[in-house]
Amino acid sequence: MESVLGRYRNLIVLVGVLFIQVLGLAVQVRRSTDTDSSRLIRVWAVTAISPFEKVLVWVQTSTGNLWHNYFYLRGVRAENRELKQQIEQMRIEQVRMSQDADQARRLQALLAFKEQFISQTKAAQVIGSSGSEQSRSIYIDKGENAGIKPDMAVITADGVVGKVLHVYRSTSLVLLINDQSSGVGAILEKSRLQGILRGTASGEIGMEKVMSDEQVAAGEVVLTSGGDRIFPKGLPLGRVTRVAPGSDLFLNIEVKPAANLSKLEEVLVVTKIDERQATPDQTGPVRAADILAERLPTVPPKPPDAGAGGSPTTVEAPGTGTAPRPVQAKPKSAAPTPGVAGSLPVASKPTPSPTGDNVTEKPAAGSATVKASPKTEKPVEAPTPPPAQDSPQ
Amino acid sequence: MAITYTSGEQVEVYRFGIPATILIPLAAVFLQAWLPLRLHFFSIFDLPLLVTISFAMARRSQMAGLFTGALIGLFQDALTSQPIGLYGISKTVVGFGASSLGIKLDVENAGARLLLTLVFYVVHQVVYFTVARGMVGLQKGWTWQHELGSALANAFLGVILYALLDRLKQRT
């Protein structure tokens, strides 16, 4: 007997070690909701690895910052100019969209809808990954100390990244949306079809549970549906790249993730989501005209002899007792509309011009007179025809 | 000098110093976790597996091989989002197998190392997928093309890595 045991000693030990591990796996699978069964081993492993990762990331970031902030300044001026133009365009777009949003809020209030808002986020740096193709997950440098909790959504400016799976003292493990065990409630932006976004073996993502008789077009944007109670509704998940008939009456929809999951450096952890009923904005939509009105002096009623667009507008200086003096308002931005340049668009409804800018249409009721801002209490005579590119300041 | 005789052929047994025994697997797991963030393609490699094979083949001890594999695998498991034990079981089998073959074959030349790493990578993946699907119920996709490509890439990297690790091993 002893000779048999001695002869097969190594094999017996192998079977024993394998048996113990299989037993451990079985316990974990059985307690799938209990993460504490293997927590100690995970904490040890993460504690051993994460300090090195943090140091390495810190060195890399510092070196990168030094390069970008001091040495690599070529083209910054041109980029700055482009960004300023983009900001102008986006401001105009924002004014237009705020009106739509306000209208939507009013309708939602009528229907007693409840909306989810991201009210608090925590920025975190990606310091490591699981290092396995079978488990697509990343480590971030924020943990319990920063108020991170399991099942919090992780996003970037581009879209959804994943959710927090395990939280340690100063790090957290984030399960990416392209992991095979991941699932996100999804909705198609235009067709409003709902499904589940899942990761595939090859690290791509696909939308499941969309019936094959539905029409889904390539290029359609996929958003979070909010049904999973983890991700707030309306966050971009990706874009449909391919649609094919699948098995079991469902479509095979391939989706390209909105966030670049292979090059993540900084992410935002959604630490607080507010759910509240939409209320219509009491102050009304913010119009370009209103913004201008805050910056310009009071406009008295037009004198009978005042001309149409292009003529100077009189401005009353409150409290000074001086006679009104003409002032010419400058156009907000680069809109090549001569009629606007001469008139004061404060009391007019802005409508988007073909160039994307706001153009005065007609005076709005009740807004013929606007109060002067504190900065412009004195009567000012504006210079004659201003350049079209000037801002109204 | 401890020498194992197999089929009349003299096979030398090596060992690694304690710092190398601890730091090399740690470095392998660390690099495996960190490099894919910068070099995305690196996730097809399995550095901990290569270290397991290298240690097992050099030591030529089945006990040492299986325990090395088990510990490295469990450590790797602990960093993933999956249940702990999947890599542990796979690397235990590979560690035992590599050390068993190390006793019987000459694993000092690059050709044999390339072939062995290729075979052991496939064995590792087969065990992993079997346990993941059969026991844990994970829906893992298997494509031969991808697995063989990864096996070949790992085999080539393994040959280079073994040559580097050869410098750290000491004759017993």
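1. Basis. In this predicted model, local features need pLDDT of at least 70 and side-chain atom pairs count only at pLDDT 80 or more, whereas totals for chains, interfaces and linings use all residues. Residues are numbered from 1 along each chain as its sequence is written, chains are lettered from A in the order in which they are written, and side-chain values use heavy atoms, with hydrogens and water left out.

2. Extent of the interface. Chain B places 46 residues in contact with 46 residues of chain A (heavy atoms within 4.5 Å). Together the two chains bury about 3,900 Å², 65% of it on carbon and sulfur atoms (accessible area, 1.4 Å probe, lost on being put together, summed over both). Of the area that chain B buries against chain A, 16% comes from L37(B), L79(B) and I84(B), more than from any other three residues.

3. Make-up of the chain B side. Helices α1 (18-38), α3 (62-78), α4 (86-104), α5 (110-136) and α6 (144-166) of chain B each supply at least two residues of the side that touches chain A (DSSP runs of H or I, at least four residues, numbered from the N terminus). By class, that side has 28 nonpolar, 15 polar and 3 charged residues (Asp, Glu, Lys and Arg count as charged, and Gly as polar).

4. Salt bridges. The count between chain B and chain A is 0 (side-chain nitrogen of Lys or Arg within 4 Å of a carboxyl oxygen of Asp or Glu).
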